[in-house]
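Work through the exercises below with the sequence and the 3D structure open. Each task is followed by a solution in steps.

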Amino acid sequence: MSSFVDHLRRPVVAVTGMGVVTSLGVGKHDNWAKLIAGQSGIRRIGRFPLDHLNTTIAGLVDFLPASSRGPSALTGELAHLAAREALEESGFSGGDFGGPLFLAAPPVELDWRQRFELHADGPAELAGGARLLAEAERRNTESIWRSGSFFAIADDLAEEIGARGLPVTLSTACASGATAIQLAVEAIRRGDSDRALAVGADGSATAEALIRFSLLSALSTNNAAPEKASKPFSRDRDGFILAEGAAALVLESLEAATARGATILGVIAGCGEKADDFHRTRSKPDGSPAIAAIRAALADAGLGEDAIDYVNAHGTSTPENDKMEHLSLSTVFGERMKTIPVSSNKSMIGHTLSAAGAIEAVFSLMTMRESVLPPTINHDNPDPAIDLDVVPNVARKARVSAVLSNSFGFGGQNACLVMTREPR
Amino acid sequence: MEDNRVVITGIGVVSALGVGVDAHLAALAAPPESPPVDRNRFAPYCVHPLPEIDWSLQIPKRGDQRQMETWQRLGTFTAGLALQDAGLKDNESLCATMDMIVAAGGGERDTEVDNLILAESLNRNDREVLLNEKLSTDLRPTLFLAQLSNLLAGNISIVHKVTGSSRTFMGEEAAGISAVEYAASRIRAGQSTHALVGGAYNAEHVDMLLNYAAGGYLHRGVVAPVWNRAASDGGGVVTGSGAAFLVLESEAHARERGAPALAILGPVVSGRARRRRDDLAAMLISMARRAAIREGDLTISGASGALEATKAESAALASICPVRAFSTLTGHMKEAQFPFAIALAALAVAHGVTPPSFGSPLESAMHSPPARALATTIGLRHGEGMVMVEKP
């Protein structure tokens, strides 16, 4: 019988429900099957015109009713879908969840269609912003208010699931999903609640978002072969693929989950974070903040470096990230890093930004449950400077009892999670 | 589980009332009869503008200043004030272990580019193509970073070297409430020893007004105290530029490093009322009781002027003890509102200020300096928060 408290006498935090949506599809079973088959969800963009764009491919979720209704609506639908799947699995789908909600979501703003519409209908004697203002006030419509409200998505979701208290909407850029999980873990460890729901959702792939990332030279321009464009740890990697998706995890104290007879899908054993003060988009050349975040997660889990048998990489496929991630992992794990399998889900689903940390946590837990390592696809041209076992191109059977999942983001955000298959 | 007392050891504040603690103490003791208001730039709406700020006092590198839009510069500046007040500025080791939660909204768009696109859109049928064309050629690459919500925290890490952790909460007023609630809960439970928490808001931007206008929240015409704004003048809200950051520590951590506690921060009481069906006033009374309000306390209210929420707050709290609503003087600061309310409450109890009414008959007289002050923020549409601040 495992203990209900961890090495620091804190409640052990178990996962009892998971849901996921990516460009590969809805639901974790469909996603998992495609992931281990090495399928790519990256396509040529059909949502908006591609004139003047350097990048014309993305991992969009284009099969939902809200897919064409703007970032706020799509992010909301993604969050709801993932949450519903997770709650159903955990047995809390009755609308009375009763625990806090932590939602990682992209910053939203009034989208261009609404701006054009307001401007077209606004008073002709005014121009620009003043005209938008006048028309926005005249209309006083809920939809315009909502698409600029950061709280609205969490508010709706909290209402639907019966979450307790004031929901938290957060952003730590590309680490947001991991931070949502960390906040939920901390709440359970504090004894604030027996359970919490962590959700990461991102449906913000608009033309403007694509252009903004393009202007920072962050995106792949390998437009000719969309499915081959995301190639983490390859020599010819040339940027990440903008993508959408969501994941939700029901986290629960092991004691409460056991008492109600819930199926334990895995354990969030440790969380670590460290901010980087070097640059707004680049990480410190010595990798020290990422290294510190990984070590903090291991220490929080009470595990040594030797306990990790698989790394779910941040692996964005940008020249900078993959080099820095390799440096950080090699520093922490030493020579053994050459033999620890490390793969990047982003080779197939692209970079789901605010959702990435949560989606990759779900896939990490499934990796342990299914005893299959998802591959890093498009690994035809390995980077000789990156000596890693990236599980190239083909999934591999392996028994995994502990996973490290990395998330690194603009603004110096570094968050790492250590997950285990079983309570210890 | 530990149960540490949480103390405030540093305060940074900026608003139309001025820069820093002294300017705000002075305004608490003797509120200006006509606080600074800009009536022209966004007419028919007013905004309370930023005071003059010498950015280089807290952000020495020009390059850093250029990388930020106003809200980030304002937040980074004010975070520096708080660190300085706590005696932690340039303390590398304590900043490197300091946790941070920033309450942030969206950043600032490039109005010039946006207006150009809007003007051109009247002559084009292919608006989406126009958008691609203009955005890819006219947007400054670094503007994106000045818009990302988490880049205020990112800039604080870069300029002030606060790197223990960095989390950004979003969600209007609720972001500020949760930011303080979680930073303090972590310290109380022993998950953190010291934290920087706060937010910044630049009201002087058309995009910031746009959402308020869409929700019908903006007040027009003469600025009256928040409690006394009429529906005939619009939605009751006048926004203001401002920021507040607090350094929170466990009492033991502050004592160990010899830092005086300015005030004790109680547990944050937060809520998500269903405004359409719940009795908001009754909920606020119950929250104030849970925050342990009692006779003789002062309430530093973050009431925004938004008609329904402000009416409920006045019905709930004004009869319990004297209330002072600072937005009458500063304007509403959205994400920064709750940290700002706490900052003023802490200043009032720490310095024994007995604030006179801020111009409304609802704000009854106080006869002696408060030892305790309740800080409140009731969101325009959602999110409610309160916390008791006590003299140590």
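**Exercise 1. Aromatic pairs**

How many aromatic pairs does a search of the whole structure find over all chains?

Solution. The search finds 10 aromatic pairs over all chains. Rings of Phe, Tyr and Trp (its six-membered ring) pair if their centres lie within 6.5 Å; planes under 30 degrees apart count as stacked, over 60 as edge-to-face and the rest as tilted. This is a predicted model, in which local features need pLDDT of at least 70 and side-chain atom pairs count only at pLDDT 80 or more, while totals for chains, interfaces and linings use all residues; side-chain values use heavy atoms, with hydrogens and water left out. Residues are numbered from 1 along each chain as its sequence is written, and chains are lettered from A and ligands numbered from 1 in the order in which they are written.

Solution. Helices (H or I, at least four residues) and strands (E, at least two) are DSSP runs, numbered from the N terminus. Step 3: F213(A) and F410(A) are both buried, where buried means under 20% relative accessible area, exposed over 50%, and partly exposed in between (1.4 Å probe, protein chains only). Step 4: ring pairs join F213(A), F240(A), F410(A) and F144(B) into a cluster.

**Exercise 2. Charges over rings**

Which ring faces do R115(A) and R195(A) lie over?

Solution. Step 1: a charge sits over a ring if NZ of Lys or CZ of Arg is within 6 Å of the ring centre and within 35 degrees of the ring normal. Step 2: R115(A) lies over the face of W112(A), 5.8 Å from the ring centre. Step 3: R195(A) lies over the face of F97(A), at 5.8 Å from the ring centre.

**Exercise 3. Strand β14 of chain B**

Find the strands that pair with β14(B), and decide whether β14(B) is enclosed.

Solution. Step 1: two strands pair if DSSP finds at least two bridges between them. Step 2: β13 (residues 372-378) of chain B pairs with β14(B) in the antiparallel sense over 7 bridges, and A373(B) stands opposite V389(B). Step 3: β10 (residues 269-271) of chain B runs antiparallel to β14(B), joined by 3 bridges, with S270(B) opposite G385(B). Step 4: β9 (residues 263-265) of chain B is antiparallel to β14(B) over 2 bridges, and I264(B) faces E390(B). Step 5: of the 7 residues of β14(B) (residues 384-390), 6 are buried, so the strand is largely enclosed by the rest of the structure.

**Exercise 4. The largest cavity**

What volume does the largest cavity have, and which residues lie nearest its centre?

Solution. Step 1: the volume is about 230 Å³. Step 2: 20 residues line this cavity, and E109(A), F150(A), G106(B), D207(B) and M208(B) lie nearest its centre. Step 3: the largest share of the lining, 4 residues, comes from α10(B). Here a cavity is a set of points, on a 1 Å grid over the protein atoms alone, where a 1.4 Å probe fits but cannot get out; lining residues have an atom within 4 Å of a point. Grid points are joined across faces, edges and corners, and a volume is the space filled by probe spheres set on the points.

Definitions and conventions. 1 Å grid on protein atoms, 1.4 Å probe; cavity = no way out; pocket = protein on both sides within 12 Å on 5 of 7 lines; lining within 4 Å.
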